[in-house]
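Thank you all for coming.

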Amino acid sequence: MEEKKISELPRWITRENEVLARTRIFSLAKSRRHEEGTERSGDFYILDAADWINVIALTPDNQAVLVEQFRHGTEDFELEIVGGLIENNETPKDAALRELREETGFVPTDKSEVTLLGKVLPNPAFLNNACYTYLVTNVKKEAEQEFDIHENIIVRLEPLDKIDDLIRTGHITHSLVIAAFMWLKLRRE
């Protein structure tokens with residue numbers, strides 16, 4: 001069977017769009033779509049969400065700044081890197097530095113480098129947003145944590161060379177965090 005390239009596939013065109021719910025972090029829409037050149041059509045549910053950022057922050061001695069917090073989706077504590085929504089009129093880089101300071105109290109120094117490692121689409125099947133991953137080197141703790149109303153975060157420093165073991169043993173399971181560390185590996189190759 002001959003394999004088709006994505007660009008040769010017919011597009012699905014939105015004929016109707018109805019917002020079913022709006023929340024602080026996303027809107028849920030039902031889109032009636034029709035596939036070009038075919039008789040196929042259907043209803044599809046899309047979460048319209050703001051873009052997100054993730055931050056791999058490293059101290060001068062190569063400790064990764066991790067955060068541990070309760071996550072309502074899994075109803076458990078998760079070990080992650082700093083992450084959050086890009087707010088109105090913010091660049092992804094500005095959001096990354098703001099979230100780093102708010103969640104951990106760590107900030108860049110005059111020796112820091114702030115680098116965009118990459119961008120992923122968290123789940124293009126039903127989400128329409130992107131997640132940008134930044135690397136911030138040579139960070140140090142200079143501020144108090146500033147939590148959102150429902151946040152409570154513990155900061156954990158782990159040697160960068162131990163991250164693979166934390167992933168392998170299931171201590172880090174968040175897919176976007178694992179993707180972020182993959183971006184870092186690709187950068188360093």
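Predicted model: local features only at pLDDT ≥ 70, side-chain atom pairs only at ≥ 80, totals over all residues.

**Pockets, helices and a few residues**

In the largest pocket there is about 1500 Å³ of space. A pocket here, on a 1 Å grid over the protein atoms alone, is an open set of points where a 1.4 Å probe fits, with protein on both sides within 12 Å along at least five of seven lines, and its lining residues have an atom within 4 Å of a point. The grid points are joined across faces, edges and corners, and the volume is the space filled by probe spheres set on them.

Residues are numbered from 1 along each chain as its sequence is written, and side-chain values use heavy atoms, with hydrogens and water left out.

Which residues lie nearest the centre of the largest pocket? They are Arg24, Ile25, Arg71, Gly84 and Leu85, out of a lining of 47 residues. That lining divides into 21 nonpolar, 14 polar and 12 charged residues, where Ala, Val, Leu, Ile, Met, Phe, Trp, Tyr, Cys and Pro count as nonpolar, Asp, Glu, Lys and Arg as charged, and the others, Gly among them, as polar. Among the elements that each supply at least two residues of this lining are strand E3 (41-49), strand E7 (82-85), helix H1 (92-104) and H3. Helices (H or I, at least four residues) and strands (E, at least two) are DSSP runs, numbered from the N terminus.

The second largest pocket has a volume of about 240 Å³. Its lining includes Trp12, Arg33, Phe44 and Ile46, together with Leu121 and Asn129, and by class it has 8 nonpolar, 2 polar and 1 charged residues.

Let me now step back to the protein as a whole, which has 3 helices and 12 strands. Its C-alpha atoms fill a box of roughly 60 × 45 × 35 Å along the principal axes. Of its 189 residues, 35% count as buried, and buried means under 20% relative accessible area, exposed over 50%, and partly exposed in between, with a 1.4 Å probe and protein chains only.

Helix H3 covers residues 175-188, and its 14 residues reach 20 Å from the first C-alpha to the last, close to the 20 Å expected at 1.5 Å a residue; that expected span is 1.5 Å times one less than the number of residues. The buried residues of H3 are Leu176, Val177, Ala180, Phe181 and Leu184. Seen down the axis of H3, these buried residues fall within an arc of 145°, so they line one face of the helix, the arc being that of the directions from the helix axis to the C-beta atoms. What covers them includes strand E9 (114-120), strand E10 (131-136) and helix H2 (163-168).

Thr133 is placed in strand E10, and this residue is buried, with a relative accessible area of 2%. Leaving aside neighbours within four places in sequence, Thr133 is in contact with Ala180 and Trp183, and also with Asn54, Thr115, Leu116, Leu117 and Gly118, contact meaning heavy atoms within 4.5 Å.

Helix H1 has 13 residues and reaches 18 Å from its first C-alpha to its last. Its buried residues include Ala95, Ala96, Leu100 and Thr104, and among them are also Arg98 and Glu99. What follows H1? Gly105 does, with a positive phi near 80°. The C-alpha atoms of Ala143 and Arg101 are separated by 6.9 Å, although the two residues are 42 apart along the chain.

Finally, a word on backbone angles. Most residues other than glycine have a negative phi. Glu75, however, has a positive phi near 55°; Glu75 sits in the loop between E5 and E6 and is exposed, with a relative accessible area of 63%. Asn138 also has a positive phi, of about 55°, and is partly exposed at 23%, in the loop between E10 and strand E11 (140-141).
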